[in-house]
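Subject: Structure handover

Hello,

Please find the structure below, with the sequence alongside. My notes on what was found follow after it.

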Amino acid sequence: MFLIDASAPPSDLDASTVLQLDALCRQWMFSTMAKNLMLTVLKTGNTAKEIWDHLQRLFQDNKGSRAATLESKFVNLKFIDCNDVDDYCDKLKALANRLNDLDFPMNDKRLVIQLVNGLPEEYNTVASFIQQSMPSFDAARSQLRTKEIRREQQSISGSHTALAAANINSPSFVAAEVRHQGFSASPIHRQ
């Protein structure tokens, strides 16, 4: 920490070791940042402290505008913009976590309210139940998963029923049924 917080290095470290630790700290910082950010920071910092200070200025100076952008994404995210319940919940949670990281805390109730607000009409029943009981975000997610699984099963069951009905009315089924009943499919009946 002394490399980035300007505190004095431990007395048992010589200057050569401090330089090596500084190089290691810079390497660690560079390995965790995007390439375009790395290029920006490389131009301004020679020591770990200079790089750290530059990063702090970059990210804390625009904290408010970044939080406003994330808040807008958070309140405008809808279920229809996602692949399924898990994708929707993961995106909401990721936005909430990023807002928390910017010192704009997002409590669990706010997260659940937004989760419900972004749901389509077919989720109205479970959404109403979630609003009334106000469970944790994880419990609400589980309820939505259960609803999604039931919808998928009903859809599959409906497809099988429609397929069976279509097969019953097909000419080959009718001919097979006629043969089974002992009638000829031709206009001339057996005697």
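Is C25 buried or exposed? C25 has a relative accessibility of 17%, so this cysteine counts as buried, the cut-off for buried being under 20%. Please keep in mind throughout that this is a predicted model.

Cysteines

The structure holds 0 disulfides. A disulfide would need the two sulfur atoms within 2.5 Å. C82 has a relative accessible area of 11% and is therefore buried.

Aromatic residues

How many aromatic pairs does a search of the whole structure find? The search gives 2. In one of them, F79 and Y88, the ring centres are 5.6 Å apart and the planes stand at 80°, so this pair is edge-to-face. The angle that calls for that label is over 60 degrees.

F79 also pairs with Y123. Here the ring centres are 5.2 Å apart and the planes are at 55°, so the pair of F79 and Y123 is tilted. F79 sits in the loop between α5 (63-76) and α6 (85-101), while Y123 sits in the loop between α7 (108-117) and α8 (124-133). The pair therefore ties together parts of the chain that are 44 residues apart in sequence.

Taken as a group, F79, Y88 and Y123 form one aromatic cluster. Are its members buried or exposed? F79 has a relative accessibility of 11% and so counts as buried. Y88 is buried as well, its relative accessible area being 0%. Y123 has a relative accessible area of 1%, so Y123 is also buried.

A lysine in α5

K73 and L92 are 19 residues apart along the chain, and their C-alpha atoms are separated by 9.0 Å.

To look at these points in the model, F79 is one place to begin, as a member of the aromatic cluster with Y88 and Y123.

Regards

Definitions and conventions:
Residues numbered from 1 in each chain as written. Predicted model: local features only at pLDDT ≥ 70, side-chain atom pairs only at ≥ 80, totals over all residues. Heavy atoms only, no water. Phe/Tyr/Trp six-rings, centres within 6.5 Å; stacked < 30°, edge-to-face > 60°. Buried < 20%, exposed > 50% of the residue type's maximum accessible area, 1.4 Å probe, protein only. Helix = DSSP H or I, 4+ residues; strand = E, 2+ residues; numbered from the N terminus.
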